[in-house]
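Hi everyone, thanks for coming. Let me walk you through one structure today, and please have it open as I talk.

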Amino acid sequence: MQLTEDEAAWARGESGPAMAMATRILAEMGRILGADRLIPVASAHIDGCLYHGDSGVHFAERLATGGGQVRVPTTLNVGALNLLKPEAGLLPPHQRAMAHRLMRAYVVLGCRQTWTCAPYQVGHRPAQGEDIAWAESNAVVFANSVLGARTNRYGDFLDICAALTGRAPRYGLHLPENRRATIVVRTASLSDALKRSSVFFPVLGAWLGRAVGSEIAAIEGLPADTSEDALKALGAAAASTGAVALFHAIGVTPEAPTLAAICHPEGPRQILDLTPEMVRQALDSLSTTTRGERLDVVALGSPHYSLPEVIRFEAARKGRRFTLPVTICTNRFVLDILERQGKIPAMTAAGVEFITDTCVVVTPILPPTGGILMTDSGKFAHYTPPNTGYAVAYGSVSECVESAVAGRIVRDEEIWR
Amino acid sequence: MRNGDPLTAREVLLCGAAEGDLLRLERPLSFWGGVDPTNGDITDPRHPQFGENMSGRIVAMERGIGSSSGSSILLELLANGHGPAGLLLIEPDAILTLGAVVAREMGYATLPIFLISEADFLCLPSRLRMHPTGVLEAL
């Protein structure tokens with residue numbers, strides 16, 4: 001592990017204590033990860049702003065008081081509080097105060113107050129081939145797969161060290177030879193209608209994560225016009241059930257115009273034929289409640305809903321009112337556009353609550369009574385039971401809307417037949 | 001131990017000394033969502049050692065899994081004195097190692113992390129000392 005003269009000077013403290021600590025941590029992790037040196041990164045996305053305990057707050061405040069300032073454009077993931085409604089949420093007072101301090105420390109460090117797990121939909125769009133240091137599993141897989149930027153699955157602490165120094169250890173997915181597919185997934189036995197429906201992609205992702213773990217898959221047969229939101233849902237689910245950091249969709253994602261272009265030179269290690277039965281199994285795995293119609297709450301937006309996703313939701317709602325609470329997790333930018341379009345009053349009157357800056361599975365927001373939550377998100381479906389105690393029912397956005405109108409779980413199984 | 005010879009780590013990822021009772025995890029464990037950061041209890045109900053406590057023990061785990069927020073959980077355990085005494089892994093794990101590296105930077109008591117072979121993983125003594133040289137001594 002070789003540092004440049006500049007980096008060695010930072011590590012010695014010549015640019016202040018924060019730079020020194022950040023550089024030392026990067027160098028030590030580079031050594032452990034088998035990197036030969038650090039490389040420049042063009043941007044960072046920080047997951048460390050979510051409160052897990054007081055030590056993380058002390059770490060961020062040590063960097064802030066040590067004069068730390070990010071050297072590359074840096075966005076922030078969700079925190080444990082909705083700063084637009086700081087009185088909301090159910091965190092106890094000490095944790096609430098510390099979560100607030102943590103979020104403030106990252107702002108002092110110069111990060112942009114995006115507070116979203118979908119930074120790529122609020123203007124943070126790295127270029128293809130660019131080295132970046134991103135945290136948050138869904139943001140990592142989106143940046144790698146859909147944008148063709150290059151990042152490993154960075155996480156708490158390493159993310160801000162990279163932002164402060166503009167450096168990351170040279171290993172893993174920064175190296176083009178490590179970005180090739182080792183597994184090929186064929187989808188020829190699935191109907192085109194299914195592959196064009198948004199409800200399919202979280203299911204495909206949930207299956208993919210379990211089937212490939214941390215390996216890189218090349219998926220054949222997805223429609224060339226598969227939407228960005230569909231790829232986002234696919235990646236988020238795959239990064240929840242597995243450790244997927246990168247997938248390729250042949251003819252869809254930028255590094256995979258053809259299978260030959262992205263397949264490992266020695267050929268794939270494995271070829272998997274995805275059958276309707278396997279899809280059905282993956283669909284069932286996303287729900288922990290299958291019998292009965294009882295429903296308590298609908299939660300949408302993991303990753304945070306984009307504007308097109310809100311528009312699709314409104315099209316399904318058709319002006320109706322809900323009989324159950326419906327929570328939409330999104331970012332401030334989408335909320336701002338909806339406000340300027342005058343859409344908020346009608347949606348609120350219909351029973352929609354907007355949550356920005358955070359979401360329902362990372363901090364206590366839902367009533368602690370427990371119950372059954374319905375969602376169109378593979379990531380919410382995965383994390384709702386362990387993180388909230390609620391049972392979960394997965395369905396399309398239109399199933400979620402119909403259920404929230406009816407006050408019970410309403411299914412439309414047509415697409416799965 | 002075989003023939004009474006001490007085992008030796010394949011690699012010392014983080015140098016240090018520790019002694020304690022062994023907690024060999026039958027399956028990998030995600031620290032985030034799997035360990036209570038306030039006391040070291042294993043809280044993942046799907047894990048076979050659900051309910052056991054890792055404070056002060058030498059934890060042996062094949063490899064890390066799960067959320068990258070595992071670094072935060074290990075840091076919090078080390079900050080409040082409920083961390084494992086040492087960590088023995090078959091495969092290197094960047095997430096837990098990072099938590100220990102940050103703990104050292106923060107001035108918290110940290111822990112040694114060694115890589116061991118799969119064969120050695122299965123014949124670890126029930127109480128042992130980790131030497132900074134990588135030697136694992138049965139107590």
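Let's begin with Leu373(A): its bridge partner is Val392(A), in strand 14 of chain A. Helices (H or I, at least four residues) and strands (E, at least two) here are DSSP runs, numbered from the N terminus. Strand 13 of chain A, residues 372-375, pairs with strand 14 of chain A in the parallel sense, over four bridges; pairing takes at least two DSSP bridges between two strands.

A word on the source: this is a predicted model, where local features need pLDDT of at least 70, side-chain atom pairs count only at pLDDT 80 or more, and totals for chains, interfaces and linings use all residues. Residues are numbered from 1 along each chain as its sequence is written, while chains are lettered from A and ligands numbered from 1 in the order in which they are written.

Now zoom out to the sheet. It is open, with five strands in the order 12-11-10-13-14 of chain A and parallel pairing. At its edges sit strand 12 (352-355) and strand 14 (391-394) of chain A, each pairing on one side only.

What packs on the sheet? Helix 16 of chain A, residues 397-406, does, touching strand 10 (297-305), strand 11 (326-330) and strand 13 of chain A. Touching means that C-beta atoms, placed from the backbone, lie within 7 Å. The direction of helix 16 makes about 150 degrees with that of strand 10 of chain A; axes are lines fitted to C-alpha atoms, for helices over the stretch in contact, and angles run from 0 to 180 degrees between N-to-C directions.

Last stop: the axes of helix 3 (residues 54-65) and helix 4 (residues 93-108) of chain A come within 9 Å and cross at roughly 25 degrees. That makes helix 3 of chain A roughly parallel to helix 4 of chain A, a label for angles under 35 degrees.

Conventions
Two residues are in contact if their C-beta atoms, placed from the backbone, lie within 7 Å. Angles under 35 degrees count as roughly parallel, over 145 as roughly antiparallel, 65 to 115 as roughly perpendicular and the rest as oblique.
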